[in-house]
Every structure is written in structure tokens, then in C-alpha cells.
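Here's a quick walk through a two-chain model, starting with one fold and moving on to where the chains meet. Have the structure open as you read.

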Amino acid sequence: MNKQRYHHIEDKELLNRFYNDRNNEWLGVLLERYTLLLFGVCMKYLKNEENAKDSVQHVFLKVINELHKYKVEYFKSWLYMVTKNHCLMQLRDKGKYSIEINENMVSSVADEDAKKDVLEKEFSLEKMEKAMQQLNEEQQLCVTLFYLEKKSYQEVSSETGYNIMQVKSHIQNGKRNLKIQMQKMQHEQ
Amino acid sequence: MSNDLKNILSNLNPGIEQEKLLQYLNNHLDASEAHEVEKQLNEDPFLNDAMEGLQELKQKSTLPVTLHQLNKNLKKQINSSKKKRAEKISFQQPWIYYTIIILLVLCVIAYVVITRF
């Protein structure tokens, strides 16, 4: 199948086409978009290239066999959940990982809605600045360099002296705290 | 048509995205492009997990080969699932039912013949 031909079609549309005519070719196009991501996620959990490859194929098979049973709204989130689930099950079977599967799994769809929610609400610059001041120094520095001055991790790292992993976690935690602060402020209004 | 236009404008272009990610992994992007990728990493836990996993690979240069292999297998799986489906459909063809009916009729006739004579 010609990959380029379907480039302009969004996931959602492909998913609808699949639900309409149950033609697995649509699924093929859809899944191919995520091969790299699936492999990456499997690598992250399984830490072994061969196992990761096997798992990607298991996930493909699972999606092909089971997607028609559910009415999936956000394909990407669903796929992420299925993949994570599969990897965690594998780890559990090997005894490397004790249960703790459910909690983080269901949240992804809700996350997407919440994200939209936050984005749709208007933020005044002033409020944003106030929230920024609530962050600790490292987070403030990294968030500013990254989001406002648009530097890459590498640049932020060499400017601040933190290593890449630290930069990444400061940015991610900073962003999360920022969001929490903003929600708090909205609540107070 | 207008829908297609909208799709072009939406920044959803997964094919290019995979390519971009590969370039990012190999440090082939300049700082501002890297920043764009990293911004998406922060937005998207799926992408972020994937990137962390891919960064653990010892040999990133073989990644395109792995991808190609996985996609080839995906195609095989899709094709074989289609074949299975085709077989399932063929079971629903009318001659199956005709055969069953004829067999049943034969049974009844046989029964009648045996009990009568």
C-alpha cells in the first residue's frame, strides 16, 4: 500500500473508515504511523531489543484482532495503553514487576480532555507570571529557557550546568506545577 | 474536499514525525528543531516514553532496518487477517446451505424408506 497516499488523512478519519467497512488495510496504515513509538515504549519497559520487537508484533496482532470489539475514540491514547499494558504483563510474568497496572493506564484519555480543557480557558499573562513565581528556582530557570527562549535541552543543559536528564525533569515538573497553580487560581476565582 | 484542506493544515503528519524523531535521536537536528521535538515530548507521555526507550538502544543506526522489518511483518499480519476474513465470508456462501438442505432431505427420504419397507 502506498504510504504517501494516506498522509493527509488523520487518525480519526482512518479509524472511522475502519469501523465503517472493517477493512484491515486502514488499520495497517494507522499502525504503521506508530511503529517507532511502539518500539520505543517496548524498549523502555523491556530493555531488550528482541523482546521489544516481539512485543510490537504482539501489539499489532492484538489491535488487528480486537479493535473492532471496542468503540475507540482516541486511537493514539488507546494504543499507548494497550502497549504499556502488554509490556507490564510481560514483566509481571517474569516476576520482575508486581501488579500496579491499572492506575496509570486509564488516565490517558481523561488526560487528553483535561489538556484541552486547560488550553481552552484563557490565561492572562499576569496570572501566568504569578504562577511561574511559585516554581522553585531550578524549574523556573529551565522552564524559562526552554519555553520562553526556545532553547533545546542541550542548550539549557550547557547554560545551567544541569545534565540532560535533570533539565528534562525540571521542565516536566515545572510544567506540571504550573498547570496545578493555574487550576488553583481558576478555582479561587 | 474542505475537510482534506483542513487536514493538510493541521500539524498532524505522523510520517514526517517518525522521520524527525529518527533525526533527533541521531542528533541531526539543529537547536531550534530539537526544541520543537522536545516541546512535543513534554506534551505527550506516549512520545516521551518512546523516546526514553529509543535512547537506550545501543545501536541507533540499525533502527531504520528494525522499523522496516516491523512494518513488513505488520503488512503480512494485515494480509493474513484479510485472508482469514475472506474464508469466513466464503463459509456464508449459499452452496453450503444447499448442501445441508439436500443432505437433510436425503436423511428424511432414507428414514421413510427404511421404516416403510
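A word on terms before the fold: helices here are DSSP runs of H or I with at least four residues, numbered from the N terminus. Keep in mind that this is a predicted model.

With that in hand, chain A reads α-α-α-α-α-α-α-α-α-α along its sequence. That's 10 helices and zero strands. Of the 189 residues in chain A, 30% are buried. Among contacts in chain A with a separation of 6 or more, 59% join residues 24 or more positions apart.

**A look at helix 8**

Take helix 8 of chain A, residues 137-148. Its 12 residues should span 16 Å at 1.5 Å a residue, and the end C-alpha atoms do sit 16 Å apart, so the two agree. Which residues of this helix are buried? They are Gln139(A), Cys142(A), Val143(A), Leu145(A) and Phe146(A). Helix 9 and helix 10 of chain A are among what covers them. Just past the end of helix 8, Lys150(A) takes a positive phi of about 55°.

**Where the chains meet**

Now for the interface: 40 residues of chain A are in contact with 37 residues of chain B.

By type, the chain A residues touching chain B split into 16 nonpolar, 10 polar and 14 charged.

What angle do helix 3 of chain A and helix 4 of chain B make as they pack? It's about 65°, with the axes 6 Å apart; the chain B partner covers residues 45-55. Angles of 65 to 115 degrees count as roughly perpendicular, so helix 3 of chain A is roughly perpendicular to helix 4 of chain B. The crossing of these two helices is left-handed.

On the chain A side, the residues involved are Leu36(A), Leu37(A), Gly40(A), Val41(A), Cys42(A), Met43(A) and Lys44(A). In helix 4 of chain B they meet Phe46(B), Leu47(B), Asp49(B), Ala50(B), Met51(B), Glu52(B), Gly53(B) and Leu54(B). The residues of this helix-helix contact divide into 10 nonpolar, two polar and three charged.

Conventions
Residues numbered from 1 in each chain as written. Chains lettered and ligands numbered in written order. Predicted model: local features only at pLDDT ≥ 70, side-chain atom pairs only at ≥ 80, totals over all residues. Contact = placed C-beta atoms within 7 Å. Nonpolar A, V, L, I, M, F, W, Y, C, P; charged D, E, K, R; others polar. Expected span 1.5 Å × (residues − 1). Buried ≥ 20, exposed ≤ 12 C-beta atoms within 10 Å, placed from the backbone. Axes fitted to C-alpha atoms, helices over the stretch in contact; angles between N-to-C directions. Parallel < 35°, antiparallel > 145°, perpendicular 65-115°, else oblique. Left-handed = near helix turned anticlockwise from the far one by under 90°.
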